[in-house]
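Student: Before we begin, could you take me through this structure by setting each value against the rule that gives it its name?

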Amino acid sequence: MYIERKHNLGKEEAIHKIDSFLDDLMRRPFPGRITIKEPFKSWSDEEMHFSFRARKGFIGATISGVIRVNDDSVIMDSDLPGLVTAFVSEDTIRHVINTQLDGLFPA
């Protein structure tokens, strides 16, 4: 899944917002008894690699990707496992992510 969002904050502020948001996201409870395990993120300049394991009961899948922050845009590129998209459509996931990005980077 590829999502690109424009921003006007500058690279450093955008990196800070994304980093803080992801820290908070990994600590909060998720609906539907979904748990997040093994959260990982690693920044290298303006590029962050991330992964986490989403579990519901005995079923789990690892989601990973890259977020790149440019001077005026944020790009997220992630592969969604078939197990995830079998239960939640990519369009629904994209909508949820875009809603969160609206809060971080209002137009």
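Tutor: Let us start with the lining of the largest pocket, whose residues divide into 34 nonpolar, five polar and five charged. Please keep in mind that this is a predicted model, in which local features need pLDDT of at least 70 and side-chain atom pairs count only at pLDDT 80 or more, while totals for chains, interfaces and linings use all residues. Residues are numbered from 1 along each chain as its sequence is written, and side-chain values use heavy atoms, with hydrogens and water left out.

Student: What makes a residue nonpolar, polar or charged in that count?

Tutor: Ala, Val, Leu, Ile, Met, Phe, Trp, Tyr, Cys and Pro count as nonpolar, Asp, Glu, Lys and Arg as charged, and the others, Gly among them, as polar.

Student: What is the volume of the largest pocket, and what is called a pocket?

Tutor: The volume is about 1300 Å³, taken as the space filled by probe spheres set on grid points that are joined across faces, edges and corners. Of the 44 lining residues, the closest to the centre of the largest pocket are Phe-30, Ile-36, Phe-52, Ile-63 and Ile-93. On a 1 Å grid over the protein atoms alone, a pocket is an open set of points with protein on both sides within 12 Å along at least five of seven lines, whereas a cavity is a set where a 1.4 Å probe fits but cannot get out; lining residues have an atom within 4 Å of a point.

Student: Which element supplies the largest share of that lining?

Tutor: Helix H3 does, with seven residues, and H3 covers residues 90-104. Helices (H or I, at least four residues) and strands (E, at least two) are DSSP runs, numbered from the N terminus.

Student: How do you know that strands E4 and E5 pair?

Tutor: Two strands pair if DSSP finds at least two bridges between them; six bridges join E4 (residues 59-69) to E5, and the two run antiparallel, so they meet the rule. Ser-64 has Asp-79 in E5 as its bridge partner, and E4 and E5 form a hairpin with three residues between them.

Student: Why are E1 and E2 called edge strands?

Tutor: The open sheet of five strands has the order E1-E5-E4-E3-E2, with antiparallel pairing, and E1 and E2 are its edge strands, since each pairs on one side only.

Student: What makes strand E5 mostly covered?

Tutor: Five of the seven residues of E5 (residues 73-79) are buried.

Notes:
Buried means under 20% relative accessible area, exposed over 50%, partly exposed in between (1.4 Å probe, protein chains only).
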